[in-house]
Amino acid sequence: MKRLAYIVPTILCVAAAPQPDIQARVASVSGRSVYLSAGRNAGVRSGARVVFRLRNGQLVESTISDVTSNNARAEIEDGLPLPVAGDTAEIEAPEPVTPPPESGGASDSATGGASDGGSGQVTANQPIPEHPPWQLKEGQRNPDTPLLSPAFGTRPEDRPMTVTGRVYSTLRLIKDLEHENEYLYARTGLWLEAKNPLGNGGRLRFQGDAQYRGVSGPYDDDSEGDGRVHRFSYAWGLDENAPFRGEIGRFFSAWLPELGIVDGGEGALRFENGLSLGAGAGYYPSTTEDLLGGDDYGFHVFADYQPDTAERVFQGTIGFQQTFHEGEADRSLVVGRVIANPTDDIRLFGLIMVDLYGSEDTIETSTAEITQLLAQASFRLTPTSGALASVIHTSWPELKRSEFDLFPPELIADGYVDRVSGTYWTKLDDDWRLSTRGHYWRDQSRTGYGGEVGLDWSLPTETPSSLLGAIYYEDSAYTTGAGLRLQTITDLGGARLFVGYDGFAYTTDTETSGSNDFLRHSIRSDIGWGTGQWYWDIEGSYNFGGEEQSFTIGASVQYRF
């Protein structure tokens, strides 16, 4: 327990200057889980801050929850927009390791008078000193042992405890000038990760925040605040060669994140061939407002195959969950997921969730139903071009848990949404990049489609800058129209500036007292910069046209330690 006494002073220590962020792309999205195309091999670590840049220029912030050799996963909070496959992301790089100062170095006179400025390295004009012969004492080496002995890691009890995290705050004001309403949102929170706090190689993770929402206008004045615990758990057996991995508390399953929050425990036996077998049990709250209690509990089991040494990356997981609502059997769910790289140019992702039904279910007539299906494939066609294709199917299961009480029975019985999409991009030369995307969707009563053609220009400036122009068409459930999008991103000596314009001319299918034809203009801007461990961001937008006029001002700050 003495190690825990160092948590507070460790938080107050100032770390070394941050390294450039790691660039990644969204490989796939499943529920609120977003999978990224970079992992440990690229320097990604759990707990790192990640910022997604959506196609409309909006920034969405999250935190890396789990990392494998070639992938990482982040959870997007409820209420925030989800990125889509192909969106870009920036992941904070790990803090640099400062080497210990060298002692006993040779003086300038001993090295020919050429100084290296105290770096301990030999300069171009400096003669290389001759190393004295290695000395070996009698009986120190067995002649039958190999010359190169294997290296062994430091035991957990001999490692120091390390603490990383960030404190963040966000404030956003929305002013609806057309209807004289005002919305205020404020949030402040803490992400904390302590590694090896008990000397057994474990990890303590916490994320919590407090939120405030207020609305005021001619017809409504209301406000509310709450505090939430997103994660609070302790995990052990995290070393690559540990035979058992366990976690207790509030967490997302490292193997089945599609299950959502788990308030309980989970453990897995890990075998040398990359296979893990495990199970978990506890409460499965639908929101972060409930903690260690509620009406929905149960268990889950899984098998996972995830070798880090495979020549071609192949990861597969299959699991089963059984929940109970107020003591009655509720959800019986089978989950399967696979990630594969059959070649250097092809990347595949697949997810399927199948709900099983019994005689106690009255709405669904089948014994099994695919409630979630996601298949994605990305291709590098040439060194300068690539493509991405995806198929998504969603339907609604019959469940007893309370949030499904308000679902219309016909939606559960017959409702579904299918979506097929594709993206193609190619570099025309070193400075120009062309991208196209299209999609088709259908549900139980409608169909629609859309597409976009965009052109990126990397400007020949001293600092990285780019321009994007795109035209798009959208036929959605209730609106049909075409739009123009213009964006620019530029680095300003440590700050990144984004400015964008979006014009959308559309027609609505809903009945209104006036015309159903509208022209909506949106102007967005965002600037972010960092100073030491501090990171700042200011955003603003102005929407006008038709029956709409509003502006948004937002600011966020975080301190990384």
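Glu 90 is partly exposed, with a relative accessible area of 22% (buried is under 20%, exposed over 50%, partly exposed in between, with a 1.4 Å probe and protein chains only). Glu 90 forms a salt bridge with Arg 496, one of 25 salt bridges found in a search of the whole structure. The model is predicted: local features need pLDDT of at least 70, side-chain atom pairs count only at pLDDT 80 or more, and totals for chains, interfaces and linings use all residues. Residues are numbered from 1 along each chain as its sequence is written, and side-chain values use heavy atoms, with hydrogens and water left out.

**Salt bridges**

- A salt bridge is a side-chain nitrogen of Lys or Arg within 4 Å of a carboxyl oxygen of Asp or Glu.
- In the pair Arg 496 and Glu 90, the closest N and O atoms are 2.2 Å apart. Arg 496 is in strand E25 (residues 495-508) and Glu 90 in strand E6, 406 residues apart (strands are DSSP runs of E, at least two residues, numbered from the N terminus).
- Arg 496 is partly exposed at a relative accessible area of 30%.
- Glu 539 and Arg 172 form a salt bridge with closest N and O atoms 2.6 Å apart. This pair joins strand E27 (residues 534-545) to strand E7 (residues 162-176), across 367 residues.
- Glu 539 counts as buried at 18% relative accessibility, whereas Arg 172 is partly exposed at 26%.
- Asp 355 and Arg 331 form a salt bridge at 2.7 Å between the closest N and O atoms. Asp 355 lies in strand E17 (residues 346-356) and Arg 331 in strand E16 (residues 328-343), so the pair ties together parts 24 residues apart in sequence.
- Asp 355 is buried at 1% relative accessibility, and Arg 331 is buried at 18%.
- A network of salt bridges links Arg 437, Glu 452, Arg 485 and Asp 502.

Technical notes: Helices (H or I, at least four residues) and strands (E, at least two) are DSSP runs, numbered from the N terminus.
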